[in-house]
Amino acid sequence: MAAHFSTYSSSSPTFSPSSFNHGTQQSAKFSVFQPSISSFPTWISRIRLKIQTRKHFRIKSSNGHSPNAISLQDGIAGSPLGKINVERLEKEDFFHFSEPGKLESMLSITVVGASGDLAKKKIFPALFALYYEDCLPENFTIFGYARTKLTDEELRNMISKTLTCRIDKRENCEDKMDKFLKRCYYQSGQYDSEEHFAELDCKLKQKEDGKLSNRLFYLSIPPNIFVHVVRCASLKASSANGWTRVIVEKPFGRDLESSGELTRSLKQYLTEDQIFRIDHYLGKELVENLSVLRFSNLVFEPLWSRNYIRNVQFIFSEDFGTEGRGGYFNNYGIIRDIIQNHLLQILALFAMETPVSLAAEDIRNEKVKVLRSMRPLQLEDVVVGQYKGHSKGAKSYPGYTDDPTVSNDSLTPTFAAAALFINNARWDGVPFLMKAGKALNTKRAEIRVQFRHVPGNLYKHNFGTDLDKATNELVLHVQPDEAIYLKINNKVPGLGMKLDRSDLNLLYRARYPREIPDAYERLLLDAIEGERRLFIRSDELDAAWALFAPVLKELEEKKIVPELYPYGSRGPVGAHYLAAKHNVRWGDLGSEDS
């Protein structure tokens, strides 16, 4: 909707751009004025006189900054007011959560697809954890929206089964849980029905009761209905006077074309700043700590290049198959499901140059540079596999094609390994190896940095011919049992000269006894505060798909048959040949890592 500006009126001053509703703004219980650009300094000074600051609710987003209650960028992007120095206004702490009678705001969170597994197991528990830790504003409400017919009480009973309290603060758990559930409501409706979203809007307005409305929609639904929901929410349920943001779950398309089409469709109703593409792996504690480890420790940054690093490995494994998800997984496969998003995003964070600041755009700019510098992935640098049935003792494990939702002749890979290279001055020639698989022997996600051999090592005779045993290695265990350890060579106490490979170990559960927040908690909090650093920008997405789309197309067109591996094994043998081709040994195969 085009913005119009008039001279200052005697109305109580309240900033009220619609954040993504292209229709008519709804009237609120407080009056609105619309200043002209020429009177802007006067407008600001008069607002400062009218709006008093207080000890308002403050939380820190993931970049460490204290965010504002309202993100001006969401509301005025593309409008004439957007030419004003928004950054200066934000630094002035212009808007605050206010006391009654002043500029109060209400946070309304709508979980679309509320009856699904992701919502029940991750989103609602994460929202409760934020409430439990006093990280949500005083005024908030949560709505579940889905096609399933439920009452408010039935929704509360459903999600109460998955809510847990922090281990170290259980004394008021039941009281907190009851208060949280009383803030949860339900609206049944079709995902493509403007009428049903209009009904949702009415209920949201009842709860908001004339307050400044900030609305967050979490799309926990299949990607083929993203656009329907965004269209209906945009036209019928967006905020009339605050911001509106939408969290979109992966997958973001199946290839470069479908991803681009999805982005273009979403941008018919949203600006880029309103779209929060979530990759929950970016919210994990060890991934967050990656840049801290590198940029705040002098010992690591000088080593972070081809001069000292021989290879980098990104490893993801699950010890279960596709139980219950065969139909979904068969349409995407392990490369689209894990490697092209989770592991590639971690690689970009690992390999990026030092950003100008911790601001979201500065970090995302550096990530995009890494992705655009990567050598196109070749089919000969990819190995795919598929798990088969296996019996261990009296127990039998089904193969992938034994799943009734998967065809017997399916060629969808459940395992993949790839070697990637970055063509820039820092990383030229360094192999970045990735592997991910289901139904393997263990559950883990980790980053392994293997350093080069010591030139002219005086103690090489103590290691024999296998110099890999003398290689220093930095390991970040992302999950489970979060840890950082550095493998070093050490003399075993005694009269002889026997060397041992030891670990300098930071085990999180020993050093930090507090329970580590779930990744969804961090990302939801960031979305509420408008912090985009851990979310994926559209050009990042394009660069990631440009890297993988050609080899995915080649795999499917040539009908490459995946190598079979037994359920519960280490994966296909081809992965070891791929590593050996680049003079690399997988770091997770040592006896101490079994």
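R306 lies in the loop that runs between helix α10 (285-295) and strand β7 (309-317); helices (H or I, at least four residues) and strands (E, at least two) are DSSP runs, numbered from the N terminus. The model is a predicted one, in which local features need pLDDT of at least 70 and side-chain atom pairs count only at pLDDT 80 or more, while totals for chains, interfaces and linings use all residues. Residues are numbered from 1 along each chain as its sequence is written, and side-chain values use heavy atoms, with hydrogens and water left out.

With a relative accessibility of 35%, R306 counts as partly exposed. Buried means under 20% relative accessible area, exposed means over 50%, and partly exposed lies in between (1.4 Å probe, protein chains only). Apart from its neighbours within four places in sequence, R306 is in contact with A425, R426, W427, D428, V430 and R452, where contact means heavy atoms within 4.5 Å. R306 and F451 are separated by 145 residues in sequence, yet their C-alpha atoms are 9.3 Å apart in space.

Among contacts with a separation of 6 or more, 77% are between residues 24 or more positions apart. The accessible surface comes to about 26,600 Å², and carbon and sulfur atoms account for 52% of that surface; the areas come from the Shrake-Rupley method with a 1.4 Å probe, and for residues only the protein chains shown count as cover.

In soluble globular proteins, nonpolar side chains tend to be buried together. A nonpolar core is a set of buried Ala, Val, Leu, Ile, Met, Phe, Trp, Tyr and Cys residues joined through side-chain atoms within 4.5 Å. The largest such core here has 150 residues, and those with the most contacts inside it are F180, L219, F314, F350 and F432. Helix α12 (residues 333-351) supplies the largest share of this core, namely twelve residues. Not counting residues up to four places away in sequence, F350 touches L290, R294, W304, I309, V312, F314, W427, F432, I447 and V449.

Strands β2 and β3 pair in the parallel sense over five bridges; two strands pair if DSSP finds at least two bridges between them.

Helix α5 (residues 152-160) has L155, R156, M158 and I159 buried. These residues lie on the same side of α5, because they cover an arc of only 165° around the axis; the arc is that of the directions from the helix axis to the C-beta atoms. The cover over the buried residues of α5 includes α4 (117-132), β2 (140-146), α6 (173-181) and β3 (184-188).

Strand β11 (residues 415-420) has six of its six residues buried, so it is largely enclosed by the rest of the structure. F415, A417 and A419 point one way from β11, whereas A416, A418 and L420 point the other way. Strand β8 (residues 382-388) runs antiparallel to β11 and is joined to it by four bridges, with V383 opposite A417. Strands β11 and β12 pair in the antiparallel sense over six bridges, and A419 stands opposite L433 in β12.

Some backbone details remain. Most residues other than glycine have a negative phi, and most peptide bonds are trans. A cis peptide bond, with omega about 5°, joins K250 and P251; P251 is found in the loop between β5 and α9 (256-266). The bond from Q479 to P480 is also cis, with omega near -20°. A439, in the loop between β12 (432-437) and β13 (444-451), has a positive phi near 60° and, at 0% relative accessibility, counts as buried.
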